Amino acid sequence: MTDHHLPSQLEVSPEAPDRNLALELVRVTEAGAMASGRWVGRGDKNGADGAAVRAMRALIHTVSMNGVVVIGEGEKDNAPMLYNGERVGDGTGPECDVAVDPVDGTTLTAKGMANAVSVLAVADRGSMFDPSAVFYMDKLVTGPEAADFVDINAPVAVNIRRIAKAKRSSPEDVTVVVLDRPRHDGIVKEIREAGARIKFISDGDVAGAIMAAREGTGVDLLLGIGGTPEGIIAACAIKCLGGTIQTKLWPKDDAERQRALDAGHDLDRVLCTDDLVSGDNVFFVATGITDGDLLRGVRYRAETATTQSLVMRSKSGTIRQIDSVHRLSKLRAYSAID
Ligand code: VTB
Ligand code: MG
Ligand code: MG
């Protein structure tokens, strides 16, 4: 007798639901957030960062992946953990690139200000852009509605008008998130002249990029110069959310410009989402450290800590928001201020 409920091999292979690595990765950013969350407001950004790094490194080795850190805590000499080139994961499964920012917003954490997050992204081996040549990049991020109408080489006013049109609104309705830095005085003026509104952030343009791409945040566009590693991590998020990130390397001085040219970079080239992370097998997770526009920060109570995380996968496009309750007595490792 044939059993009609048993699928044949052929039926299973192409369409079978596979594992969503992000659901394992989220434990790592939860651990990072819970550890650095103890440092909120303590005025010690290195303490906050170090706590997140140690907690994440302890947990990342439980994740079933064969990972290499390509965006991490810098070169081995300066950072003994989660350094570029470090192998992470339990060593099983396909090779992958790992980008980690244990705390995006160490100053935000040290001051107890909004939007500090712990982030981690994973993609196929060799798919992430190497950020080492240039420290900063110029960035433009917007969500799916307006993605096809923006161009980082166009004037700010043109992009704002096009976003307004795509959203059937007017430039006055558009809100742009910008890192509050003197280097942005020019674009701030242009945004104001175009009639749009500005939300300044003091740090944390990974969260800023997600706000620009995500529906319902009140932010339509991110503009300005921020860290190159954060640009690639943001591209991983955009891969999952839809929308676009367009960037250009932005050398901070002549020496860096020359090094980038010597390394073969074309500084006029626009690097878009797919140039920053190729393929469609990207996982992105972020856990809130402090309360923010995207995620609630870590809350501690007598017995428990709660976290909120964004868990996304490009292949399926699933966006999960995960609220977790952690029982501290069972999790001494991440709850200690060490
Ligand atoms: C941004 C932001 C980071 O650095 O990349 C920024 O996302 C880069 O600019 O949170 P500055 O050197 O002017 O700070 C951070 O603010 C800190 O890593
Ligand atoms: Mg950091
Ligand atoms: Mg950072």
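**First stop: the metal site**

Begin by selecting the magnesium ion (ligand 2) in this predicted model. Its protein donors are D101, through OD, and V103, through O, at 2.1 to 2.3 Å from the ion. Are D101 and V103 buried or exposed? D101 has a relative accessibility of 9% and therefore counts as buried, the cut-off being under 20%. V103 is likewise buried, with a relative accessible area of 4%.

**Second stop: a loop residue with positive phi**

Select N115, which is placed in the loop between α4 (106-111) and β4 (117-124). Most residues other than glycine have a negative phi. In N115, however, phi is positive, near 80 degrees. The residue counts as buried, at 7% relative accessibility.

Now select α5 (156-166). Which residues of α5 are buried? They are V156, V158, N159, I160, I163 and A164. Displaying the surroundings of these side chains brings several elements into view: the buried residues of α5 pack against β5 (136-142), β6, α6 (185-193) and β8 (221-227).

R168 is not a glycine, yet its phi is positive, near 50 degrees. With a relative accessible area of 76%, R168 is exposed, whereas N115 is buried.

Finally, select residues 205-213, which form helix α7, together with residues 228-241, which form helix α8. Two packed helices are described by the angle between their axes and the distance between the axes. Here the axes come within 9 Å and cross at roughly 25 degrees. The two helices are therefore roughly parallel to each other, as angles under 35 degrees are counted. The crossing in which α7 passes α8 is right-handed.

To inspect the contact itself, show the side chains of D205, V206, A209, I210 and A213 in α7, which meet E230, I233, A234, A237, I238 and L241 in α8. What is the make-up of the residues in this contact? They divide into 9 nonpolar and 2 charged, with no polar residues.

Terms used: Residues numbered from 1 in each chain as written. Chains lettered and ligands numbered in written order. Predicted model: local features only at pLDDT ≥ 70, side-chain atom pairs only at ≥ 80, totals over all residues. Heavy atoms only, no water. Donors = N, O, S within 2.8 Å, 3.2 Å for Na, K, Ca; no water. Buried < 20%, exposed > 50% of the residue type's maximum accessible area, 1.4 Å probe, protein only. Axes fitted to C-alpha atoms, helices over the stretch in contact; angles between N-to-C directions. Helix = DSSP H or I, 4+ residues; strand = E, 2+ residues; numbered from the N terminus. Parallel < 35°, antiparallel > 145°, perpendicular 65-115°, else oblique. Left-handed = near helix turned anticlockwise from the far one by under 90°. Contact = heavy atoms within 4.5 Å. Nonpolar A, V, L, I, M, F, W, Y, C, P; charged D, E, K, R; others polar.
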